[in-house]
Amino acid sequence: MLARTSAGPKLGVLASGTGTILEAILDAGLDVATVVVDRPCRAEEVAERAGVASEVVARKDFGAGFDRSAYTASVVEALERHSVEVVAMAGFGTVLASAIFERYPGRVLNTHPALLPAFKGWHAVRDALAAGVAETGCTVHIATEAVDEGPILAQEPIAVLPGDTEDTLHERIKAVERRLYPATIASFMTSIEDHMETRT
Ligand code: GRF
């Protein structure tokens, strides 16, 4: 367990999908103040089961007219309602605008299923398979407005096996993410806390 007391910086998690990375964050004992999702998804159930408040900031528009700035402002408001100080994206399906990175400078984390800077984007696992690489992996990094960029905090390689499909490879990558991401978040939270203490 990487248990932290609720006295530390408050962590908010953004998710859209099956929520298995969120589950790992919770199982590791990290104290999650709120989970924000952009659509109805299993991550909400995961939060509910753990007794963590969740909010749907519903993305209604997936077309060209999507107001990314207004949507981002709503996500930031939801995080602020729970006094969040560090944000962990865990399979969040909406690219957010600058406001969240301005509100939480250097404090938005992401896990990506490839060895960045290789295979950025939503189809990282598919793209790695298509490229025929022998090895891919996962990356935990500080997120910036530029998608899948920003300082890398941790990386781990994973071999591509003969016969791998996008699903089998992604599942092996996620098994590593479920260990690496909570551990990296925990040390990041400690460094933030130390930094806060030295400022007082
Ligand atoms: C992870 O592979 C993460 O890196 C990517 O989306 C996946 C989320 O998995 N951005 P889950 O929905 O938590 O199972």
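This is a predicted model: local features need pLDDT of at least 70, side-chain atom pairs count only at pLDDT 80 or more; totals for chains, interfaces and linings use all residues.
Glu55 belongs to strand E3 (residues 54-56) and Arg81 to helix H3 (residues 68-81), so the pair ties together parts that are 26 residues apart in sequence. Arg81 is exposed, at 53% relative accessibility.

## Lys120 and Glu149

A salt bridge also links Lys120 with Glu149, where the closest N and O atoms are 3.0 Å apart. Lys120 sits in the loop between strand E5 (108-112) and helix H5 (124-131), and Glu149 in the loop between strand E6 (135-142) and strand E7 (152-159); the pair therefore ties together parts that are 29 residues apart in sequence.

Both residues fall in the intermediate accessibility class: Lys120 is partly exposed at 35% relative accessibility, and Glu149 is partly exposed with a relative accessible area of 37%.

The structure holds 10 salt bridges.

## Asp38 and Arg39

The side chains of Asp38 and Arg39 form a salt bridge as well, at 2.8 Å from N to O. Asp38 is buried, with 1% relative accessibility, whereas Arg39 is partly exposed at 28%.

Definitions and conventions: Residues are numbered from 1 along each chain as its sequence is written. Side-chain values use heavy atoms; hydrogens and water are left out. A salt bridge is a side-chain nitrogen of Lys or Arg within 4 Å of a carboxyl oxygen of Asp or Glu. Buried means under 20% relative accessible area, exposed over 50%, partly exposed in between (1.4 Å probe, protein chains only). Helices (H or I, at least four residues) and strands (E, at least two) are DSSP runs, numbered from the N terminus.
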